[in-house]
Amino acid sequence: MLEVRGLTKRFGGLTAVDRASLDVAEGSIVGLIGPNGAGKTTLFATIAGFHRPDEGKVAFMGRDITGARPDRICERGMVRTFQITQPFAKLSVLENIMVGAWLRTADRGEAMTRATDVARRVGLVDRLDMPAGDLTVAGRKRLELARALATAPKLLLLDEVMAGLNPTEISEIVDIIRAIRADGVTILLIEHVMQAVMRLAEQVFVLNDGRMIAEGTPAAIAADPKVVEAYLGHGAAGRMLKDPPHA
Amino acid sequence: MRSRFGLLCAAGLVAALVYPLLFGGPVALLWRSNYAVNTGFLILFVAFIGQSWNIAGGFAGQTSFGHVVFFGTGAYVSTILHVTYGWNPWLAWPLAAAAGALVGWMIAVLSFRAGLKGSYFALITLAFAEVFRILANSVPITRGGLGMLIKADPRPENFQFRDAISFYYLALALCVLSIGIAWWLTRSRFGARLAAIRENEDAAMALGIDVFREKVRVLALSGAMCAAGGTVYAQKYLYIDPVIAFGVDKSVEMLLVSMVGGAGTIFGPLVGAGVLHIVGEVTRDLGNLVPGVKNAQPLALIVYGAILILIVRYLPDGLTSMFVRRGRAPRNG
């Protein structure tokens with residue numbers, strides 16, 4: 001469904017994403033992990049049209065979308081959320097979600113029905129009239145998800161929708177994401193909360209210093225020395241083997 | 001709650017309809033009737049052009065410091081067509097509005113293609129207005145600084161009226177129409193997209209909104225409305241010159257009535273226009289009452305300015321925020 005090939009994005013002398021490739025199969029949940037500053041959000045933004053790539057190709061549903069504008073990409077069925085939540089602060093929760101819903105209908109009643117329906121799915125239905133700026137962190141994360149979902153996407157790019165949430169809130173979001181997938185939406189997610197990635201994703205890609213260093217099932221990734229070193233520093237995997245942490 | 005508000009609107013409309021009849025009819029003989037009717041005209045007229053600013057600046061968040069560029073375009077286009085080419089002003093009117101839309105489209109395309117936002121956009125509109133003023137001052141077709149005089153020929157089919165009341169009703173109709181457009185913006189897809197763009201362009205883009213296209217559209221709409229106002233002004237006062245048509249005063253006035261009344265609200269410009277006009281008149285009259293002051297005008301302006309500061313300080317969301325907890329339309333089916 002999504003094919004990224006050799007994608008490179010430079011900012012001046014800094015290569016934020018360096019020939020990264022990844023695939024997302026229709027109907028799957030794919031995770032993208034990596035240490036802070038690895039370039040995950042830049043990769044996301046480049047895929048979704050917010051940055052023009054310097055090299056490489058992005059194809060969505062068999063069509064080349066490299067360098068296309070975000071709104072066009074969204075219209076075709078791929079939508080991203082923002083790691084730093086970007087609510088329309090002065091609009092109500094319902095109005096926020098309706099902005100997404102208006103993409104597929106020009107009828108106010110229809111947009112409202114769709115938005116309310118989405119709000120129900122992500123658990124915001126009791127806060128529809130609240131100004132989005134008054135939401136808690138957890139609420140804002142849900143709103144990001146809801147707005148994106150209201151555009152009726154085929155592929156959802158989720159950028160750290162669980163960061164800053166407590167364990168209860170995380171497991172609620174995990175359930176919501178599973179339900180979204182069950183409704184036929186494919187999901188690519190950036191996540192720092194490892195436990196959540198391991199529970200959700202069937203396939204995981206690991207980005208470090210802008211390069212894709214590993215891919216595989218969550219179990220395989222967790223055991224990959226390259227991944228362990230990327231997170232814990234050079235030589236960490238070797239030390240762990242010699243001196244395993246007591247379990 | 002909602003029906004009571006509707007009732008209030010209906011009552012306000014009836015009052016606006018009856019007002020000039022009261023002051024223009026029997027009472028007219030006893031009191032300075034034209035003053036009352038003209039005051040009403042000015043409030044409604046400024047509310048109308050203020051609403052044109054509000055649609056771009058308040059609803060879509062594209063603050064302009066040079067909205068007068070549309071006003072002047074409308075005034076000059078209809079006046080040139082009428083005076084120089086002998087067009088009927090009624091026929092010239094839609095063309096003036098179209099010219100305003102075209103200028104709005106042009107300014108938007110140039111500014112937004114160049115990626116100008118916020119205060120940079122505001123400044124570039126100011127620059128455009130100044131360029132237009134200088135052009136109007138220099139090119140022969142506008143007769144430069146001499147200005148253009150429209151020959152007085154007060155016949156309705158000539159877009160001139162012998163009585164002040166007709167212009168009052170025209171301004172009332174335009175004001176009601178502009179409020180209707182603003183109301184539509186609170187409920188339509190176009191309006192929702194403008195609000196999203198105002199709040200956060202990146203998020204709007206991510207949700208499939210063609211930000212550039214919508215911003216160009218709203219400026220064209222706003223430009224058309226404001227230019228239509230320009231024609232009305234020219235036909236009422238029968239004279240325009242570059243300073244009247246493109247001077248910064250009107251830009252400020254449009255912006256001010258919207259901000260004071262409540263930018264991005266349906267009734268903000270009307271409330272702002274009413275309050276500012278009345279405050280302006282009252283401070284001027286009070287200034288004349290202060291004993292021992294020969295020229296009261298500076299004093300009146302100081303008081304006027306102080307009142308403005310107080311309003312902005314204590315009601316930053318405008319006067320209408322006193323009545324509604326939130327500036328936007330409540331959720332209703």
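A salt bridge is a side-chain nitrogen of Lys or Arg within 4 Å of a carboxyl oxygen of Asp or Glu. The exercises below apply this and related terms to a predicted model, in which local features need pLDDT of at least 70, side-chain atom pairs count only at pLDDT 80 or more, and totals for chains, interfaces and linings use all residues. Residues are numbered from 1 along each chain as its sequence is written, chains are lettered from A and ligands numbered from 1 in the order in which they are written, and side-chain values use heavy atoms, with hydrogens and water left out.

**Exercise 1. Salt bridges within helices**

Task: Describe the salt bridge of A:Arg114 and A:Glu110, and then the one of B:Glu214 and B:Arg217.

Solution. 
Step 1. The side chains of A:Arg114 and A:Glu110 form a salt bridge with an N to O distance of 2.8 Å.
Step 2. Both residues belong to helix α4 (residues 108-122) of chain A, and because they are four residues apart there, about one helical turn separates them. Helices (H or I, at least four residues) and strands (E, at least two) are DSSP runs, numbered from the N terminus.
Step 3. Accessibility is read as follows: buried means under 20% relative accessible area, exposed over 50%, and partly exposed in between (1.4 Å probe, protein chains only). A:Arg114 is partly exposed at 29%, and A:Glu110 is partly exposed at 33%.
Step 4. In chain B, the closest N and O atoms of B:Glu214 and B:Arg217 are 3.7 Å apart. These two residues lie three residues apart in helix α9 (residues 211-237), about one turn of the helix.
Step 5. B:Glu214 is buried, with a relative accessible area of 1%, whereas B:Arg217 is partly exposed at 43%.
Step 6. A network of salt bridges links B:Arg193, B:Arg213, B:Glu214 and B:Arg217. Over all chains, the structure holds 23 salt bridges.

**Exercise 2. The contact of the two chains**

Task: Characterise the contact between chain B and chain A by its residues, its buried area and its salt bridge.

Solution. 
Step 1. Contact means heavy atoms within 4.5 Å. Chain B contributes 26 residues and chain A 30 residues.
Step 2. Buried area is the accessible area (1.4 Å probe) that two parts lose on being put together, summed over both. For these chains the value is about 2,400 Å², 59% of it on carbon and sulfur atoms.
Step 3. One salt bridge is counted between the chains: the side chains of B:Asp210 and A:Arg69 meet at 3.0 Å, N to O.
Step 4. On the side of chain B that touches chain A, α6 (164-187), α7 (189-199) and α8 (201-206) each supply at least two residues. The largest share, seven residues, comes from α7(B).
Step 5. That side of chain B divides into ten nonpolar, six polar and ten charged residues. Here Ala, Val, Leu, Ile, Met, Phe, Trp, Tyr, Cys and Pro count as nonpolar, Asp, Glu, Lys and Arg as charged, and the others, Gly among them, as polar.

**Exercise 3. Aromatic pairs in chain B**

Task: Classify the ring pair of B:Trp90 and B:Trp93 and the ring pair of B:Phe159 and B:Phe167.

Solution. 
Step 1. Rings of Phe, Tyr and Trp (its six-membered ring) pair if their centres lie within 6.5 Å; planes under 30 degrees apart count as stacked, over 60 as edge-to-face and the rest as tilted. This rule gives 20 aromatic pairs over all chains.
Step 2. The ring centres of B:Trp90 and B:Trp93 are 5.9 Å apart and the planes stand at 65°, so this pair is edge-to-face. B:Trp90 is partly exposed at 31% relative accessible area, while B:Trp93 is buried at 17%.
Step 3. For B:Phe159 and B:Phe167 the centres are 6.5 Å apart and the planes stand at 25°, so this pair is stacked. B:Phe159 is buried at 0%, and B:Phe167 is buried at 4%.
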